[in-house]
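Morning, everyone. Please bring up the structure on your screens, and we will walk through it together.

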Amino acid sequence: MSEYLKKLMKLMDISEEDNNGMMVVNRDGIVEYYRPGKTLSAASFFPDFGEKVTGKYVVDLYPELTEENSTVMETLRTGKTISGAMQTFTWQEHTVTMQTTTYPIMEGGRIEGAVDVAKLLELKKDGVRENINSGLYTTDDIITGNNAMINLKEVIKDVAKNKSPVLIYGETGTGKELVAQSLHTESGRGSKPFISQNCAAIPENLLESIFFGTEKGGFTGAESGKGIFEMADGGTLFLDEINSMSYGMQAKLLKALEEQKIRRLGGRKDISFDVRVVCASNEDPEELVEQGVLRADLYYRIGVVKLVIPPLRKRPEDIPLLTEHFIRHYNRKMGRQIKGMNLKALELFSQWRWPGNVRELKNAVESAFNVEKGDHISLDSVQGFLRKSGGSRVSGFSDDAEDRPGLPEILFSREKLHTALEEGNVDLAEILEQCEIYILRETLNRERKLKNAAYKLSISPQKLQYRLDKLGLREPEKK
């Protein structure tokens, strides 16, 4: 089990921002380990939870839990992952509602245990809802020196005053949930629930019950339980990766938003709610509508206010600020005394395109903390992680032409270029053509629309099409 714990600790480091705790049980259902998540709310209400549950049989933790309804016991029986289960339990005079995902631990085809990751959704004592939002972000947590981001912070404060739906668009890793939480904490709903749901993380057949809840007897095995709209009543509901929903589910969501009421699965009465809905997409929503992925009527409903987060590569002035922020963060977390980065590492960070945006930068700093022996982060400590991340190669940090496939080797070595010039073996037209082909291919890999690619190259779409035809390159697929 100890080997699994090391792997699970890494899993927890990756996922801790989106959960309140992780529990590990052995194959007999005995709790071997518990760790609270990064969000402070659960740990602050139940600081000794880990001590009280470790060594206990999982079914004995809550009076409502049985071997039949426990997701942990079901995973131990079947070896299957159970995602997005809504469960309500009693703990120390509190009624606790959480969303859990349970993973099996397998070795040699045998079930050795299970991992249960929980997100606290609602907490009540004597029927009164507790504020569990103490660990949420505010606009002060948005670290930036970029004018567009500074303006975005001001817009968040203005928009937060209203109830209008908000659609956040930003590439993966830009901080969409940070913006969503800031909208909530800066609003008059800050003391009310903030419920976050990644729509891509839950199987399609479970989404409806998670959204709208269930009524006991509505279908086989159904128990009465609130959906996230009811749980977010009075507060904010954040729906991330809204573009991952099926068309049918989008229609049901639109109906709920239009009517401001839902009906539980198997229920017979409508339930009204007062919720501010904030949605997010990692793809341009207007293009998604054009492609038929996102319903136009839903887009117009959720996109009353549209906030765009620029990618990190378009705000290079934020790279050193964020780097310093994460160095301070990991110094505290890991007990280190890293003073900063050396010049070569800083140069690499400034030239990297950061395809994973702020999340990738944070992970790069954390990776460096794990391998760096000195008091400054060196080039060697970060370069390995960035190359493995699958991002763009950075010129000037390697003499290996394999890092830029398709380009003439003599461009990456002054010695090779001088030798070729002395031998009279330089075909300038061929070299320029190879460079043009490389640049066109790289651009078209990033921008599949001809007009967008042409804009990035500062030429007209007609000129780009002419060059593609002349060089024998196929036009990118139109969407």
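One term before we start. A residue is called buried when its relative accessible area is under 20%, exposed when that value is over 50%, and partly exposed in between. Keep in mind that this is a predicted model.

Now use the term. Look at strand 8. 4 of its 5 residues are buried, so strand 8 is largely enclosed by the rest of the structure.

Where does strand 8 sit?

Yet strand 8 is largely enclosed, because 4 of its 5 residues are buried.

Let's walk across the sheet. Find S196: it stands opposite F238 in strand 9. Next step. Strand 9, residues 236-240, pairs with strand 12, residues 276-281, in the parallel sense, over 4 bridges. Here F238 turns up again, with V278 in strand 12 as its bridge partner.

On to the cysteines. How many disulfides does the structure hold? The count is 0. Take C199, which is in no disulfide. Its nearest cysteine sulfur belongs to C279, 7.3 Å away. A disulfide needs the two sulfur atoms within 2.5 Å. Is C199 buried or exposed? C199 is buried, because its relative accessible area is 3%. C435 counts as buried as well, at 18% relative accessibility.

Now helix 7, residues 204-212. Which of its residues are buried? They are L207, S209, I210, F211 and F212. Just after helix 7 comes G213, with a positive phi of about 85°.

Last stop: the surface. L417, L421 and V426 form a nonpolar patch there. Together they have about 220 Å² of accessible area. Where is V426 in the chain? Look in the loop between helix 16, residues 414-422, and helix 17, residues 428-446. V426 counts as partly exposed, because its relative accessibility is 32%.

That's the tour. Questions, please.

Terms used
Residues numbered from 1 in each chain as written. Predicted model: local features only at pLDDT ≥ 70, side-chain atom pairs only at ≥ 80, totals over all residues. Heavy atoms only, no water. Patch = residues over 30% accessible without salt bridge, like charges linked within 9 Å, V, L, I, M, F, W, Y side chains within 5 Å. Areas by Shrake-Rupley, 256 points an atom, 1.4 Å probe, with all protein chains shown as cover. Salt bridge = Lys/Arg side-chain N within 4 Å of Asp/Glu carboxyl O. Helix = DSSP H or I, 4+ residues; strand = E, 2+ residues; numbered from the N terminus. Buried < 20%, exposed > 50% of the residue type's maximum accessible area, 1.4 Å probe, protein only. Pairing = 2+ DSSP bridges.
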